[in-house]
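Open the model in your viewer and keep the selection panel at hand.

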Amino acid sequence: MNRNEFSKLLEERVLSLDGAYGTEFLKRGYQENLPEILNLKAPYVVRKLQEEYAEAGADLILTNTFSANRIKLRHYQLEPELEKINRAAVSLARAAASSYQLVFGDIGPTGLFLEPLGELSFERAYEIFQEQARILIEAGVDGLILETMSDLKELKAAILAIRDLSPDLPLIAQMTFDEKGISVTGTSVNIFAALLNDLDVDVLGVNCFLTPDQMLPVLNELGAYSQKPLSVEPNAGKPNFSGGQLNYPTTPLEFALYARDFVELGANIVGGCCGTGPEHIRAMTKMIGRIKPKKRKPVSEQHITSRTVLKTTEPFLVVGERINASARKKLQPQLQQGDFSEILRLAHEQQTEGAQAIDLNPGIEKLLNAELIKRLVQAVDRHSSWPISFDFQEDQLLEVALQEYPGRPIINSSTAREENLTRRLEFLCRYGGLLVVLAMENDLPQTVEERIAAVDKALSVIKHSGISLERIYFDPLVLPHSTGNDYHLTLETIRKLKARGLKTIIGLSNLSFGLPDREGLNAAFLGLAVEAGLRAAILNTSELTTKKVLDGVLELKRVKREKNEIISEDPLLNLLLHGQKKELLANIQEQLKKREPLWLSQQWLRPAMEKIGQLYAERKIFLPHLILAAETAQAAFDYLNQLIPDNQSPKKARVLLATVEGDVHDIGKKIVATVLKSSGFEIIDLGRNVPADQVVAACQDRKPDLVGLSAMMTTTVDQVLEVKKALENAGLNLPVVAGGASMNRELADQFGVYYARDAVDALNLCQKLISQELKNESHRKN
């Protein structure tokens, strides 16, 4: 099936997707750590389940390949079987499906974070996804589905890898969110939609983690922003443990009723994730029938985004201009040496001054290389910057930046020359975002008519690309007033382009170059330009007069600009949140003139980290902020600890961490380790796929105060109980804290362990448990 046929099918009726595989195999007594191995060991089991899904009325049957990528298979010593597992999966699904049912190849995440949050490179992730996709496509799938992604950058790598193999195969892309619509990496549903509206996928969706009732508002939010068809796959409630196995409480009828609600919200494809089985899908298909999808009216305004920040471009877009290595002599050599501290400082400064996006001009690009640009973009991403405007001239470096960037940026800029514009439009199609087009080809136009003619040529090229003009800003060219240029030409060009419904943007400070009182001139001209119809400006956000004039003119038009929310005005918190290690160390050295290092560590720095934890819990900051703050604080703690006499040093509580046997996901565990370590805990990390007996042996040898277990997969969550029993049988009465996507408070209570929802929850819980242990020890001594 090609994409056009799939699109028509989606318009005709709501399609049903099948249900879970891993949890269903567990129900049937198959305890494989990796369900995909059943494709080879017990293919009849896989085929029978798929036949039941087909008989239940599922329109789309997925292959049993969610974890069948090279990285995950390697952890189970199954890497040599990669091709056999994937090919067998397609064969089994094809045999189970009828002629009118579609077989979609199922691809899940690698289980690793991409740089800068993790160690996996974009290029390697691309290779991993393309390898699996190639096998599935060659084996004859009708389409592909990307499921349970939590990292927008990883999802982008997968999409590009697939599209480079097959531009005409239907592709569904789904992410996993919490009940507030935020992924573990801090990406919101609307940021996901903003970027994926641009990328070359056919359906956007959400799956896993949430119960049907929790999924409703998340799907509703996605429907408000997505310009594409929607898919949804909730879990069958939160699991509990009884009779020696996991049970999911949502009945088939309840699931079917929620499925009807999903359809009312505009879902085009409805299926089930963890805990759902053929009985759920049968009830769902009976309830939905062959209904036509509901029409939605998503928001029409354009947005730009970083990984964690979304900004509207309406009513007026302000882009900060000050990261310009060509104009700042000190910035160029720092950039060449890989020192990004000044760039990051300027980015943060302009954010606080009201910029909605940050223009990034690397200066003389021939002095730079791809690796340096890659590291620069990762640094900006890691520091949770506002959306970026990439002011690059070299196509090679620009593409590196766009590939690494996990958001919807601005490409600044292209001339109207066909060759240059075509290449930039290709980047826009591939990576998403908005584009600035200069009203010129080769030479600077001298008249309004010449500028309009250049725009007309650009419009012809843009029309051929199929890209909406809503994603294009035209630059009418602001030239220095000091050299005799007539600013009226720019204003008249703005008026003419506005009359044709085209959006304009200017580089404001060009006007006042070489003149005194630049701020006054800039402010005056900006007011005239906005009145003429200007929609955006790249400007100096430190100019108060300029900003006041802009807001005043907009107020007269009865519109207001979006104001930037300040996370915190606490100087210490800002140093931590923005990773300013040098500045923090200098602050500490100044404080040491008046305070003891122990006081600074325990009464100053530690409470600051507790406040950051609270900000994270309140979703005012996200994972990139948390990790950066923890790493910054760790460097400060290390410095202070070496100054504290041994007899004054607080005793470090020791926490042993492990991902349970059969589970190769350690993203969450690593985050917990980082946060706990930054708060003074000593960490013993046993890694992933750790058997219960190894946990016991390590506890006997290393004598931890607490044990922390991670269980991301529903097929391995019962291993938490096995570890707890093993510890008790060995006479080790240690508190056990468990977390991960498959855990919940009810399961933790049944297993006799403590439950931590996230890293901050784990920190608070560990601190309480250690405090209680110290009290108990004190009572025993007395």
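Select Y21, F25 and Y53: together they form one aromatic cluster. This is a predicted model, and it holds 8 aromatic pairs.

Next, pick F177 and F192. Their rings make a tilted pair, 5.7 Å centre to centre, with 55 degrees between the planes. F177 sits in the loop between strand 5 (171–175) and helix 9 (189–196), while F192 is in helix 9, 15 residues apart. F177 is buried at 3% relative accessible area; F192 is buried at 0%.

Move to F390 and Y405. This pair is edge-to-face: 5.3 Å between centres, 85 degrees between planes. F390 belongs to strand 15 and Y405 to the loop between helix 16 (395–404) and strand 16 (410–414), so the pair ties together parts 15 residues apart in sequence. F390 has a relative accessible area of 1%, and Y405 is buried at 2%.

Stay on F390 and show its contacts. Beyond neighbours within four places in sequence, they include L360, V377, L398 and I411.

Now widen the view. F390 is among the residues with the most contacts inside the largest nonpolar core, which has 141 residues. Domain 1 (3–288) and domain 2 (319–403) each supply at least three residues to this core. A second, separate core has 48 residues, including W604 and I770.

Last stop: helix 19, residues 487–499. Colour T490, L491, T493, I494 and L497, its buried residues. Just past helix 19, check G501: its phi is positive, about 80 degrees.

Notes. Residues are numbered from 1 along each chain as its sequence is written. This is a predicted model: local features need pLDDT of at least 70, side-chain atom pairs count only at pLDDT 80 or more; totals for chains, interfaces and linings use all residues. Side-chain values use heavy atoms; hydrogens and water are left out. Helices (H or I, at least four residues) and strands (E, at least two) are DSSP runs, numbered from the N terminus. The expected span of a helix is 1.5 Å times one less than its number of residues. Buried means under 20% relative accessible area, exposed over 50%, partly exposed in between (1.4 Å probe, protein chains only). A nonpolar core is a set of buried Ala, Val, Leu, Ile, Met, Phe, Trp, Tyr and Cys residues joined through side-chain atoms within 4.5 Å. Domain bounds come from an automatic or database domain assignment. Contact means heavy atoms within 4.5 Å. Rings of Phe, Tyr and Trp (its six-membered ring) pair if their centres lie within 6.5 Å; planes under 30 degrees apart count as stacked, over 60 as edge-to-face and the rest as tilted.
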